[in-house]
Amino acid sequence: MFPKINPTKTKAWQKLTQHFEEINDVEMQDLFASEKGRTEHFSIQWNDFQLDYSKNRITSETLQLLLELADEVKLREAIEAQFSGEKINETENRAVLHTALRDFKNLKPEIKATLSQMEHFSEAIISGKWKGYTGKSITDVVNIGIGGSDLGPAMVTEALSFYKNHLKVHYISNIDGDHVMETLKQLDRETTLFIIVSKTFTTQETLTNAQTVRKWFLEQAQETAIAKHFVAVSTNLDAVSNFGISEDNTFTMWNWVGGRFSLWSAVGLSTCCAIGYKNFEQLLKGANEMDIHFKEAPFSENIPVVLALLSVWYNNFFQAETEAVLPYSQYLSKFVDYLQQAVMESNGKSVDRNGDFVDYQTGTIVWGSTGTNAQHAFFQLIHQGTKLIPCDFIAFEESLFGNEEHQRKLLANFHAQTDALLMGTRETEVDNNFKAFSGNRPSNSLFIKKLTPQTLGALIAIYEHKLFVQGVIWNIYSYDQWGVELGKKMANQRLQL
Ligand code: F6P
């Protein structure tokens, strides 16, 4: 059963409220000075991942109380309900099973069939066996989709550039016609494959963009050529067929996969073409390993659970409004954009699972950018501003091209920033207040051995599970998104004026 418990009515919440009064004045610098082994104590090692969460405004008691909160809101039952396929997305009457897409030990036949279709298709495109209407091989792949049908694949394709083949992959999302034309002007009709990705196949942006692209294509090619240049990914097979795409060129997805969790499905076809099926499978396997960790590890050693509890601690007790995600890897330059949809579309809710308005804070605002670029942009505010901004620093220990000098400097910056946020200038002489840093500013450090399809899969899954845990605690439905509907309706009404 999916629980429906108001977190603020739990004993743990009352205790946390009291405990917060004690902790609020405690400085982490003092905690580090008085607790030998604090870093080891507040660290989790899992496969190629290490989470150091010692630089948070917590003590062992805080963690204990947060774990009690997880128990009282029945997090274990909620996880079980999700993985067992219960219809936990009650407002849409749907199960939530993106994790089934990567569960290779128990793959459902329909998932297996789609993976196999993706494998054969991507191999034909990559090898050049698939020919365009004039007999030439494909050189460019264009994903036409928006939201979850764009952000996930675009982020992963960018993040795994190192593993990419010769194909050039483009993403058209915005209904802004200039965005479409800027992409089309780089393309040759004879060698371009368009993948129209829309779970519903009713999204205004995607359908408009797809029609524009189709018209552009037919300026030179015949209708019969469509079959060699257009494929679609959707749950709405009738709408795909009405668009003129044959069954052979259609990849199915299912309504138990939410758009923002769909990069693991055929929605990831552009990524699969870019990095090849084997790498795509590794991405899925990495995510599946994290799913197992999430399901099985005790909460105190569970990376997504601990990250979620810390985030709730800051959001609901310190009243922090935002959190920054700072990957020290340019490959992850689209990670925050992707996370913004995943986290904010999921947890931006004000009605609880009983249908009542909440009287406590829910969804955090996620923002950020890559280090070291961000250091020269907005770190000033994180270090000396008036707001408390918990940060997730993410780094890979090894660089992919092996440039030691750059890697040493990149990691030195990573460590220096988390140290500076912690220590401030409390132990250093400064000549005036302008140069003073308070320190005591929280951060998590997530170290990953190396960026591979597998570790990327696990990293994304950490954040998927983290947001789910937060939704469970806040007693909201993380898997619907009614908040996007009103604006869509009003835009359509305006278009009819
Ligand atoms: O409007 C929001 C949304 O429904 C997202 O949840 C989704 O990822 C996006 O639009 C695109 O939807 P579709 O894949 O159905 O075109």
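Buried means under 20% relative accessible area, exposed means over 50%, and partly exposed is anything in between, using a 1.4 Å probe and protein chains only. This is a predicted model, in which local features need pLDDT of at least 70, side-chain atom pairs count only at pLDDT 80 or more, and totals for chains, interfaces and linings use all residues. Residues are numbered from 1 along each chain as its sequence is written, and side-chain values use heavy atoms, with hydrogens and water left out.

**View 1. N288 on helix α13.** Here we're looking at N288, found in helix α13 (residues 277-296); helices (H or I, at least four residues) and strands (E, at least two) are DSSP runs, numbered from the N terminus. With a relative accessible area of 15%, N288 is buried. Setting aside neighbours within four places in sequence, N288 is in contact with R102 and D103, where contact means heavy atoms within 4.5 Å.

View 2. Across the boundary, 34 residues of domain 1 are in contact with 23 residues of domain 2.

**View 3. The largest nonpolar core.** A nonpolar core is a set of buried Ala, Val, Leu, Ile, Met, Phe, Trp, Tyr and Cys residues joined through side-chain atoms within 4.5 Å. The largest one here has 122 residues, and W313, F335, L456 and L459 touch the most other members. Helix α18 (residues 453-474) supplies the largest share of this core, 13 residues. Domain 1 and domain 2 each put in at least three residues. A second, separate core of 22 residues includes I172, L184, F194 and F243. In soluble globular proteins, nonpolar side chains tend to be buried together.

**View 4. Who touches W313.** Zoom in on W313 and, not counting residues up to four places away in sequence, you find it touching L16, H19, F20, I23, R57, I58, T62, L66 and F318.

**View 5. Helix α4 against helix α14.** Two packed helices are described by the angle between their axes and the distance between the axes. For helix α4 (residues 60-72) and helix α14 (residues 303-317), the axes come within 10 Å and cross at roughly 100°. The axes are lines fitted to C-alpha atoms, for helices over the stretch in contact, and angles run from 0 to 180 degrees between N-to-C directions. α4 and α14 are therefore roughly perpendicular to each other; the cut-offs are under 35 degrees for roughly parallel, over 145 for roughly antiparallel, 65 to 115 for roughly perpendicular, and oblique for the rest. On the α4 side the contact uses T62, L66, L67, L69 and A70, and on the α14 side L309, V312 and W313. Sorted by class, that contact has seven nonpolar, one polar and no charged residues. Ala, Val, Leu, Ile, Met, Phe, Trp, Tyr, Cys and Pro count as nonpolar, Asp, Glu, Lys and Arg as charged, and the others, Gly among them, as polar.

**View 6. S54 in its loop.** S54 sits in the loop between β2 (49-52) and α4. S54 is buried, at 1% relative accessible area. Neighbours within four places in sequence aside, S54 is in contact with F32, R38, T39 and F42.

View 7. A cis peptide bond joins G371 and T372, with omega about 10°. T372 belongs to the loop between β9 (365-368) and α16 (379-384). F201 isn't a glycine, yet has a positive phi of about 55°. You'll find F201 in the loop between β5 (192-197) and α9 (204-218), and at 4% relative accessibility F201 counts as buried. N475, also a residue other than glycine, has a positive phi near 60°. N475 lies in the loop between α18 and α19 (485-496) and is buried, with a relative accessible area of 0%.

View 8. Q45 has its place in strand β1 (residues 43-46) and counts as exposed at 56% relative accessibility. Q45 and M181 are 136 residues apart along the chain, and their C-alpha atoms are separated by 47 Å. Q211 belongs to helix α9 and is partly exposed, with a relative accessible area of 39%. From Q211 to E110, 101 residues apart along the chain, the C-alpha separation is 29 Å.

How values were computed. Domains from an automatic or database assignment.
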